[in-house]
Amino acid sequence: MRRYQSRLEHSEERLRLSLWGSGDELWDWNIEQGTLYRSSSWQSPVELDPETQDIPPNRQQIHPQDLDRVSEALSNHLNQQSPYFEATYRIRSSDQQWIWVLDRGKVVSYNQQNQASRMTGTLKNIHHIKLAEERLQLFAQCLENISDAVVICDTSFRILEVNPAFSRITGKDREQVIQQQFELSLYPSRFLRDIKQALVKTSSWVGEVQEQRSDGQTYHAELNFNVVRDEQGLIQQYVAVFSDITERKTREEQLSKLANSDTLTGLPNRALFLSQLGELVEQQKRHSLLMFDLDNFKKINDSLGHQLGDGLLCKLTERLKLFPRNKGQLYRLGGDEFAILLENTNDIHTITSLAKELIKQINLPFFINQHELAISCSIGIVLYPEDGQDPQSLLRNADTAMYHAKNEGGNRYLFFNDSMNKQAVKRLQIENLIRHGLKEDFFSVYYQPKMDIHSGKLLGMEALVRFITPKRGIISPATFIPVAEETGQIVEIGAVVLRKACQQVKAWIDQELFHGRVAVNLSAKQFMLPYLCEQIDDVLQQTELPSYHLELEITEGTVMQSPTMAIDTMKKLRARGIHLAMDDFGTGYSSLAYLKQFPLNTLKIDKAFIDDMDTARGRNMVDTIVTIAHNLSLTVVAEGVEEKQQLDLLKQLRCEVIQGYYYSKPLSSEDFTRFLQQQQAPKTTQVARTAATLG
């Protein structure tokens with residue numbers, strides 16, 4: 001008996017150790033007595049009552065969502081409908097967490113009524129396995145649902161698996177490609193060999209490729225290859241992920257064409273011209289540049305309309321494209337300004353012959369919309385390297401020669417010479433001064449209040465640039481702005497003004513001194529920037545200024561350069577919550593048909609109309625502008641108001657907002673801070689101050 005007892009104890013010990021090592025828990029359920037024995041070998045045990053009459057035992061510990069399934073499986077086995085009981089479910093652990101278990105058992109004895117009386121089994125903690133399964137299922141669902149195609153290949157590029165996006169992009173079913181070679185049919189076989197070498201060397205390869213769908217249609221894809229390694233670091237598979245970027249590539253090509261082509265005439269534009277000119281200079285190739293524009297073209301636009309003017313430019317382009325002597329490339333630089341690049345020649349006879357023939361062709365009459373137009377042109381000519389060592393100098397000197405030709409009466413050509421350069425020295429000095437001012441931050445922002453015409457309260461302000469240098473003091477805007485417009489520096493100046501204005505207004509808002517809008521002027525070159533909206537987004541984000549505190553002022557002439565493009569840009573700005581105002585209204589040549597399409601908030605009446613209100617005709621002009629604005633549901637701002645008589649007339653004409661010296665000249669940020677503080681003074685103080693002033 002002692003030997004038997006000893007062997008039994010050893011056997012029980014081995015069983016306990018085996019259960020402990022496997023992580024399983026042994027249970028023995030006496031169904032008739034309602035007792036449950038457990039070996040409790042888990043590190044995080046489940047607290048189960050050993051005395052239970054429940055079926056299944058301790059059912060209150062089983063997750064409610066799993067209870068019906070467990071009960072059904074147990075009932076089937078107890079009723080001898082299944083050879084054994086097995087179920088995976090969640091059970092509450094002693095730390096009140098739900099853990100996944102695998103429960104297996106079998107009836108080991110029956111009573112005289114052939115009913116199950118005893119059942120034994122094991123309980124296994126499979127929580128980590130279940131979590132891993134859920135993670136794998138999640139990855140599988142992601143693979144099934146992502147829009148990018150995924151291809152798994154062996155090291156010989158034989159396809160092992162693909163996801164549904166692969167079939168959607170390529171048009172090939174999974175069954176067609178499994179165990180087939182991955183290939184790029186539009187590339188030689190060495191292309192894949194190069195990819196494999198890169199994978200072995202760097203574990204990844206990324207590039208854009210073209211491939212054909214099953215219907216023969218070509219598509220663009222961004223392909224990304226990576227390697228899958230085993231525990232020893234050996235490459236087991238290659239995983240390719242690619243997305244269809246055909247639409248993006250098409251848009252890029254269209255944008256490239258738009259970026260390099262003039263939208264009206266289809267000619268290469270200024271950007272491409274500068275690129276080509278830069279290449280010729282960089283390669284030090286002898287060449288000549290002829291720049292020309294049409295004499296008195298503005299009068300044609302003003303008298304006959306922009307539409308006819310555009311038609312004239314298109315007719316001119318068609319004629320010059322057929323011009324047999326034009327061996328160079330023709331470009332449209334903007335407006336009525338064109339250029340011809342002649343490569344590999346500085347021969348004066350060739351150049352002058354071309355210039356004379358060009359004038360002759362342009363002098364031939366044009367017939368447009370029952371109008372016969374006789375036009376002429378002025379041509380400026382420069383030679384490389386004699387007249388400039390860089391593209392900017394060549395362009396500037398050609399422009400100088402062209403304007404000298406125009407000043408001499410037009411309909412002629414002139415070569416650039418040193419005497420012209422002397423007249424351009426002052427302009428160049430201003431240009432250099434602007435460049436230095438931008439570098440040294442000499443540009444400041446002044447603010448002129450916009451006041452409610454009835455209450456006299458501050459509604460907003462206009463941000464105005466001031467160029468203040470240490471040596472020359474204040475540089476007049478009338479001096480530096482035209483130069484900045486011509487050189488393109490106005491874009492950088494505009495960016496400085498926008499950033500500084502937004503920073504200052506945000507500071508006033510934080511100090512609870514101001515809650516209106518700041519108006520910032522956009523130059524024509526700024527407005528035409530392809531990244532204008534993104535640039536404004538960046539400034540607002542950096543300064544943390546809400547977009548509804550910003551108003552952008554755009555001149556009539558700017559939006560009428562390309563109305564369709566202007567409307568698109570303005571809609572994008574309005575969608576950001578930014579207000580838009582048309583500045584200097586009435587001084588340009590707006591079409592009312594376009595005006596009603598512009599998504600504006602405000603119309604600004606130019607100072608010239610305000611100054612003319614002492615005449616009946618002038619008052620009628622202002623009245624007409626206000627009526628048009630109100631019919632379009634626009635707010636009206638009158639700028640340049642200096643006298644009380646003007647203020648009273650504007651009140652009668654139902655103008656809402658005024659701006660001008662009557663209230664305040666443009667103020668520095670420090671002075672405007674004091675102005676804001678005075679605006680916030682109690683009404684009694686303001687009344688007393690006013691009474692004292694009147695007294």
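Predicted model: local features only at pLDDT ≥ 70, side-chain atom pairs only at ≥ 80, totals over all residues.
**Figure 1. The edge-to-face pair of Phe-182 and Phe-225.** Across the whole structure, a search finds 17 aromatic pairs. In the pair formed by Phe-182 and Phe-225, the ring centres are 5.6 Å apart and the planes stand at 90°, so the arrangement is edge-to-face. This pair links distant parts of the chain, with Phe-182 in the loop between α5 (174–177) and α6 (189–202) and Phe-225 in strand β9 (residues 218–229), 43 residues apart. Both Phe-182 and Phe-225 are buried. The two rings also belong to one aromatic cluster, which is formed by Phe-157, Phe-182, Phe-225 and Tyr-238.

**Figure 2. The edge-to-face pair of Phe-467 and Phe-480.** The rings of Phe-467 and Phe-480 form an edge-to-face aromatic pair, with 5.4 Å from centre to centre and 80° between the planes. Because Phe-467 lies in strand β19 (residues 458–469) and Phe-480 in helix α14 (residues 477–487), the pair ties together parts that are 13 residues apart in sequence. Phe-467 and Phe-480 are both buried.

**Figure 3. Arginine side chains placed over aromatic rings.** Arg-319 lies over the face of Phe-366, at a distance of 3.7 Å from the ring centre. In a second example, Arg-466 has its charged end over the ring of Tyr-446, at 5.8 Å from the centre of that ring.

Figure 4. Arg-332 is found in strand β12, which covers residues 329–334. The relative accessible area of Arg-332 is 10%, and the residue is therefore buried, the cut-off for this class being under 20%. A polar contact of 2.9 Å joins the side chain of Arg-332 to the side chain of Asp-262.

**Figure 5. The salt bridge between Arg-104 and Glu-86.** Side chains of opposite charge can pair when their charged atoms come close, and the structure holds 33 salt bridges. In one of them, the side chains of Arg-104 and Glu-86 meet at 2.9 Å, N to O.

Figure 6. The side chains of Lys-604 and Glu-553 meet in a salt bridge of 2.9 Å, N to O. Distant parts of the chain are linked by this pair, since Lys-604 is in strand β24 (residues 602–605) and Glu-553 in strand β22 (residues 550–555), 51 residues apart. Lys-604 and Glu-553 are both buried. The two residues also take part in a network of salt bridges that links Lys-450, Glu-462, Glu-551, Glu-553, Lys-604 and Glu-639.

**Figure 7. The salt bridge between Glu-642 and Lys-607.** Glu-642 forms a salt bridge with Lys-607, in which the closest N and O atoms are 3.7 Å apart. The pair links distant parts of the chain: Glu-642 is in the loop between β25 (635–639) and α23 (644–652), whereas Lys-607 is in helix α21 (residues 607–611), 35 residues apart. Glu-642 is partly exposed, with a relative accessible area of 40%, and Lys-607, at 31% relative accessibility, also counts as partly exposed.

**Figure 8. Leu-316 in helix α10 and its separation from Glu-639.** Leu-316 lies in helix α10, made of residues 306–321, and is buried, with a relative accessible area of 0%. Between Leu-316 and Glu-639 there are 40 Å in space, C-alpha to C-alpha, and the two are 323 residues apart in sequence. Glu-639 is one of the residues linked in the salt-bridge network that includes Lys-604 and Glu-553.

Methods:
Residues numbered from 1 in each chain as written. Heavy atoms only, no water. Phe/Tyr/Trp six-rings, centres within 6.5 Å; stacked < 30°, edge-to-face > 60°. Helix = DSSP H or I, 4+ residues; strand = E, 2+ residues; numbered from the N terminus. Buried < 20%, exposed > 50% of the residue type's maximum accessible area, 1.4 Å probe, protein only. Lys NZ or Arg CZ within 6 Å of the ring centre and 35° of its normal. Polar contact = N/O pair within 3.5 Å; in protein donor to acceptor, adjacent residues only side chain to side chain. Salt bridge = Lys/Arg side-chain N within 4 Å of Asp/Glu carboxyl O.
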